[in-house]
Amino acid sequence: MNISQPKKYPQKTTKKRLTNEQVKLLETSFNFNNKLDSTRKSHLAQELGVPARQIAIWYQNKQARWRNQSLETDYKALQHRLERVSNDKNRLEREVERLKGELEKAKDLLVSSKTMNYASLPSFSTSCDEVGSSSLLGDHGDFYVCFDNHQFDHKSNGHDFFGRSMS
């Protein structure tokens, strides 16, 4: 007795491949709204002549590709921004080092000028009415000192102008 038993798994139907025109319509629909509601899914399935399940799967795949593409775009933008910020940081660090060097030169100049006779420094003015410049700082600009018969102290009014910054 050969009794035919029902198969546990229904036969798989062959999936139809979408045509270029169908894909274009789905792309247009997706670009309009990347969320698929049941009404729109039914309407697209009927219009394209494919099962609603195929439309739903196409939308799921397209959403996944769209998310990945968005992530890649965001990642590249963040990478570019990080590169710019890193370059700015490096530039600022070099500028800080250059300014520290200038500050050290200015400190050394000030200390050496305290031990020298002020009259022997032709590049400095001995009064606030005249302006003198020092070539000791090189190309970093002029250094002006105005004594006006006052003793210069780098700790004026309780502020240490050459001390380490607290920030």
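Biologist: Let's start with the rings: how many aromatic pairs does the structure hold? Please look closely at them and at what surrounds them.

Modeller: Happy to! Keep in mind that this is a predicted model. The structure holds three aromatic pairs, and we can walk through two of them. Take Phe-30 and Tyr-59 to begin with: their ring centres are 5.6 Å apart and their planes meet at 55°, so this pair is tilted. Phe-30 belongs to helix 1 while Tyr-59 belongs to helix 3, so the pair ties together parts that are 29 residues apart in sequence. Next comes the pair formed by Trp-58 and Tyr-59, which is edge-to-face, with 5.6 Å from centre to centre and 70° between the planes.

Phe-30 has 4% relative accessibility, so Phe-30 counts as buried. Tyr-59 is at 1% and is buried as well, and Trp-58, at 11%, also counts as buried.

Phe-30, Trp-58 and Tyr-59 are among the 10 residues of the largest nonpolar core, whose other members include Leu-26, Leu-48 and Ile-55. Helix 1 (20–32), helix 2 (38–48) and helix 3 (52–115) are the elements that give two or more residues to this core. If you click on Leu-48, you can trace some of the packing yourself: leaving out residues up to four places away in sequence, Leu-48 touches Gln-22, Leu-25, Leu-26 and Ile-55.

Arg-40 sits in helix 2, and leaving aside neighbours within four places in sequence, Arg-40 is in contact with Ser-29, Phe-30, Asn-33, Lys-35 and Tyr-59. So which side chains make polar contacts with the side chain of Arg-40? One is the side chain of Tyr-59, at 2.5 Å, and another is the side chain of Ser-29, at 3.0 Å. Arg-40 is buried yet has no salt bridge. The nearest side chain of opposite charge is Asp-37, 5.1 Å away, and the cut-off for a salt bridge is within 4 Å, so Asp-37 does not qualify as a partner.

Salt bridges do turn up elsewhere, and the count comes to six. One of them joins the side chains of Lys-62 and Glu-27, with 3.0 Å from N to O. Lys-62 lies in helix 3 and Glu-27 in helix 1, so this pair ties together parts that are 35 residues apart in sequence. Lys-62 is buried, with a relative accessible area of 15%, whereas Glu-27 is partly exposed at 24%.

Lys-89 is partly exposed, with a relative accessible area of 47%, and Glu-93 counts as partly exposed at 40%.

To finish, find Arg-98 and Glu-102, another salt bridge, with the closest N and O atoms 2.2 Å apart. Salt bridges that share partners join Glu-95, Arg-98 and Glu-102 into one network.

Key. Residues numbered from 1 in each chain as written. Predicted model: local features only at pLDDT ≥ 70, side-chain atom pairs only at ≥ 80, totals over all residues. Heavy atoms only, no water. Core = buried A, V, L, I, M, F, W, Y, C linked by side-chain atoms within 4.5 Å. Buried < 20%, exposed > 50% of the residue type's maximum accessible area, 1.4 Å probe, protein only. Helix = DSSP H or I, 4+ residues; strand = E, 2+ residues; numbered from the N terminus. Contact = heavy atoms within 4.5 Å. Phe/Tyr/Trp six-rings, centres within 6.5 Å; stacked < 30°, edge-to-face > 60°. Lys, Arg positive; Asp, Glu negative; His and termini not counted. Polar contact = N/O pair within 3.5 Å; in protein donor to acceptor, adjacent residues only side chain to side chain.
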